[in-house]
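Please look over the sequence and the structure below. A short report on them follows.

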Amino acid sequence: MASHTSDKTPLLVNYQEDFSDIRDPRETVRNLYAKEASLGYSASNGIDSVTVSASNSVCDLSRYTDSIVAIFVVAFDTRSGNIVEWSQPEDMDMEGVEFKAMASGAHTVLTDFIYFRKDDYYGLSCFQNMPVDSEVERGARMKSVGILATSYTALYKHMQFLENQVRHQLEIPGRYEQLLAFFNDRKGSLPSRETSRDTLSVSSPMIGSTGTTPLTTPITTPSSEYSLPTMKITHPAGCFAQFINFFGEQIFTLWKYVLLRKRILFFSPPPIGVVCYRVYCASTLGQHEVFISAATEYKPFFYINVADIDTIETEVSYIACTTEKVFQEKHSLYDVYVDNQNVTTHSANLKTMAKINAMDKEKFNRLNNQRCAMMFRAQELGEELDDDHTFASFFLEQNNHIFQTLMDVSESQDKTLTTDHLKAMGLDPIADRQFIMDLVELYGIDVILMVDNPCCPV
């Protein structure tokens with residue numbers, strides 16, 4: 001049985017180096033499936049019902065269209081390369097999935113998992129490379145089993161099933177009965193465009209200390225293109241905490257780039273799964289609750305390859321990862337390039353933000369102090385520390401404070417943003433000058449920046 005420590009095993013390490021460690025956190029996933037129950041989306045105001053199956057864990061129900069729309073098997077063929085071997089439903093357009101579900105360079109690793117985006121859907125696939133005594137297969141059989149869904153927030157719950165199935169497909173090729181049964185049990189029908197703004201009443205089984213209590217929660221879909229999505233830490237425990245630990249103080253450099261909605265590309269050779277988690281975590285750094293009309297959703301594309309270049313070059317804001325080094329030379333496709341812990345940019349303005357300043361160090365210390373305080377409180381109460389919630393709350397509060405201050409100043413009579421304002425927002429009046437100038441310009445916030453002489457320290 002996994003210990004308390006192993007339940008929090010880092011997910012942002014290269015699990016290929018120590019495969020045993022990655023198994024322990026997935027006990028959580030196994031438990032989710034053990035408690036599996038049906039989640040029904042009831043009809044309301046004449047809306048067609050949407051029925052899917054989900055676990056009894058607390059889910060992010062901010063988007064009711066969180067349902068599986070396709071399942072597939074991708075294989076590597078020695079003559080044709082990556083191919084879609086099988087998929088359901090049969091009329092689903094699966095073009096390009098064979099290159100997203102099996103990362104470039106995957107032949108160099110034995111196992112991996114990949115998050116990706118296809119059109120308006122998000123996917124998760126599990127890959128395995130099994131040595132075989134076959135000249136036709138050149139000594140290796142490689143396959144990925146994956147799903148497509150309307151949201152990425154709950155994909156990880158199906159990882160254990162996908163891992164088991166890809167192993168099954170390698171050992172007994174051509175047997176798709178379990179995959180088809182899984183899909184038929186969990187597929188969901190999509191709402192029409194006409195009903196997408198309506199309110200649904202969602203009956204969700206929620207686990208409590210005394211058992212299962214059905215709760216009916218009104219869920220309203222965004223009614224405006226400017227509505228910000230409700231984002232929660234929905235990936236396995238420890239994801240966000242390990243992301244912070246990996247980048248250290250440099251997290252505040254990434255934080256500024258995320259707030260500025262820059263095109264951020266993470267590079268790593270396979271395995272790419274843990275880097276997909278970094279994409280997810282980075283995309284949450286900019287969340288806030290202050291309404292700004294010019295705010296748009298930050299798009300996590302997760303894994304991309306050269307086949308996605310045409311799509312990426314039209315995006316003004318995204319965050320993604322790749323295993324293909326060729327992207328590094330294509331400066332027009334990204335603003336920020338992250339290779340392991342090396343964060344670089346070719347933009348002069350962004351380079352001024354790359355250097356960690358005194359206020360960044362202060363924020364990092366405050367973040368760690370807040371975590372220690374929460375840890376002490378959890379121990380006093382005999383509870384388990386939720387690192388992900390602690391870190392996410394820190395950045396949410398930080399961003400709320402910055403944007404609320406900017407909005408308040410913009411509504412004041414003189415609209416003057418002073419040095420005191422910047423210090424109160426946790427920013428360095430000199431080192432963060434370019435950052436705040438770019439931020440107010442990006443979001444169209446009407447303020448006048450008045451700080452002391454930038455050539456002299458404040």
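## A buried tryptophan

Trp255 has 0% relative accessibility, so Trp255 counts as buried. Buried means under 20% relative accessible area, exposed over 50%, and partly exposed in between, with a 1.4 Å probe and protein chains only.

This is a predicted model: local features need pLDDT of at least 70, side-chain atom pairs count only at pLDDT 80 or more, and totals for chains, interfaces and linings use all residues. Residues are numbered from 1 along each chain as its sequence is written, and side-chain values use heavy atoms, leaving out hydrogens and water.

## Trp255 and its partner

Trp255 and Phe435 form a tilted aromatic pair. Their centres are 5.9 Å apart, with 45° between the planes. Rings of Phe, Tyr and Trp (its six-membered ring) pair if their centres lie within 6.5 Å; planes under 30 degrees apart count as stacked, over 60 as edge-to-face, and the rest as tilted.

Trp255 lies in helix 7 and Phe435 in helix 14, so the pair ties together parts 180 residues apart in sequence. Helices (H or I, at least four residues) and strands (E, at least two) are DSSP runs, numbered from the N terminus. Phe435 also counts as buried, at 0% relative accessibility.

## Helix 14

Helix 14 spans residues 433-442. Its buried residues are Phe435, Ile436, Asp438, Leu439 and Val440. The cover over these residues includes helix 7 (251-259), helix 12 (387-410) and strand 16 (448-449); contact means heavy atoms within 4.5 Å. Gly444 follows helix 14 and has a positive phi, near 65°.

## An aromatic cluster

Trp255 and Phe435 belong to one aromatic cluster, which also includes Phe246, Phe252 and Phe391. The charged end of Arg278 sits over the ring of Phe246, 3.9 Å from its centre. The charged end of Lys363 sits over the ring of Phe252, 5.4 Å from its centre. A charge sits over a ring if NZ of Lys or CZ of Arg is within 6 Å of the ring centre and within 35 degrees of the ring normal.

## Strand 5

The whole structure holds 26 aromatic pairs. In one, the centres of Phe113 and Tyr277 are 5.3 Å apart and the planes are at 50°, so the pair is tilted. Both residues are buried.

Strand 5 is mostly covered, with eight of its eight residues buried. Strand 5 and strand 6 (residues 121-131) pair in the antiparallel sense over eight bridges; pairing needs at least two DSSP bridges between two strands. Phe113 has Cys126 as its bridge partner in strand 6.
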